[in-house]
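Me: Please put up the two-chain model, and let us then go through its interface by question and answer.

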Number of protein chains: 2
Amino acid sequence: MQLLLSYIAQYLPLQQHEEELISQLFKKQLFKKGDFFLEEEKVCTKLGFIGQGIMRYYMTKDGEEKTFAFSRENEFVCFYQSFLSANKSSASIQALEDCIVYVISRDDLQRFYEQVSGADKFGRLSIEQVFVQTIKDLYSLYFDSPIERYQKLVNERGDLLQRIPQYHIASYLGVKPQSLSRIRKRIAAPGIS
Amino acid sequence: MQLLLSYIAQYLPLQQHEEELISQLFKKQLFKKGDFFLEEEKVCTKLGFIGQGIMRYYMTKDGEEKTFAFSRENEFVCFYQSFLSANKSSASIQALEDCIVYVISRDDLQRFYEQVSGADKFGRLSIEQVFVQTIKDLYSLYFDSPIERYQKLVNERGDLLQRIPQYHIASYLGVKPQSLSRIRKRIAAPGIS
């Protein structure tokens, strides 16, 4: 919970009673490895802040799971397209490790906005940040080659590589698992990395 | 300008002096057909509200322009990934018709947030809306077939079809212009549309 309070405090100074309210509104929830934070075709009714663990986002296309994003400690987990619009989700979010998540419902998030002074500013700034990251991820999905995607993953989220199974990384790059080692070799070769 | 004030007033009631401030902060600008609102490799330093006309968003990949979005009257125009992060833009935005746009700089937008009461809430809500739409567009780019993309364009933004040159629509669908008429026929066939 302290992680979340520190995260919010970067954006707005919190009074003691506001910290208490936040601690009540965000409820600690455990997700065992393999549990779903969100399942396809359901509405995403909650926003989570990850205290520990990694979550994987994927969609199913032609019977195949396509991994397109990861969230880990100190980041929010949510499928905003569904959460903000209350439409059914086209994606699933699944725990890749045992996770501790501080979860807030849509209604309680409204209470947060109404009762914490400056919360709208925090909401705007943090959604701006998530927005920029999501757009970056999605453009990369469409415009970057698997090698470019791997290079970015190494540069920007290198610590995740040791924690995520190879076949999920391959799916994230849009290649078969057997192609992944070829890409790793190319990246590791002198003059390229 | 009245369009913009009405748009904002949907989210927050405006005092007279706030309307005046907004009218000063957003500056009317004309873009002739073909003019650029934003060019690739430059930083997007402004946000626009379109009073009249259509703008096209595209990226260049392997020497080819790939159109991925349109904005028209009563909508904002901006490449948020660059605007919010102040990083160079990977996209260009070009006027498809003569356009009237009410433009605000990043600095003036900060003044808007500071001086108009409730503006952060407006900012949060409108960015949420843009976020949902952008994610929808980008997922569609990756996951939908050209036919599905055409069908969605017909259903959701059918009025644009008459105003946008066919080769831009083909690019938006990710097909060659000669394939577009085949798609139109399939959509128009009974039992499909």
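Me: What area is buried between chain A and chain B, and what share of it do carbon and sulfur atoms give?
Reply: This is a predicted model, in which local features need pLDDT of at least 70 and side-chain atom pairs count only at pLDDT 80 or more, while totals for chains, interfaces and linings use all residues. Side-chain values use heavy atoms, with hydrogens and water left out, residues are numbered from 1 along each chain as its sequence is written, and chains are lettered from A in the order in which they are written. Taking buried area as the accessible area (1.4 Å probe) that two parts lose on being put together, summed over both, the value is about 3,100 Å², with carbon and sulfur giving 74%.

Me: Which residues form the salt bridge that involves Glu148(A)?
Reply: The rule, a side-chain nitrogen of Lys or Arg within 4 Å of a carboxyl oxygen of Asp or Glu, finds 4 salt bridges across the interface of chain A and chain B. In one of them, at 4.0 Å from N to O, the side chain of Glu148(A) meets that of Lys61(B).

Me: Which element gives the most to the side of chain A that touches chain B?
Reply: Helices (H or I, at least four residues) and strands (E, at least two) are DSSP runs, numbered from the N terminus. Among the elements of chain A that each supply at least two residues to this side are β4 (54-61), β5 (64-72) and α4 (106-115). The most, 17 residues, comes from α5(A).
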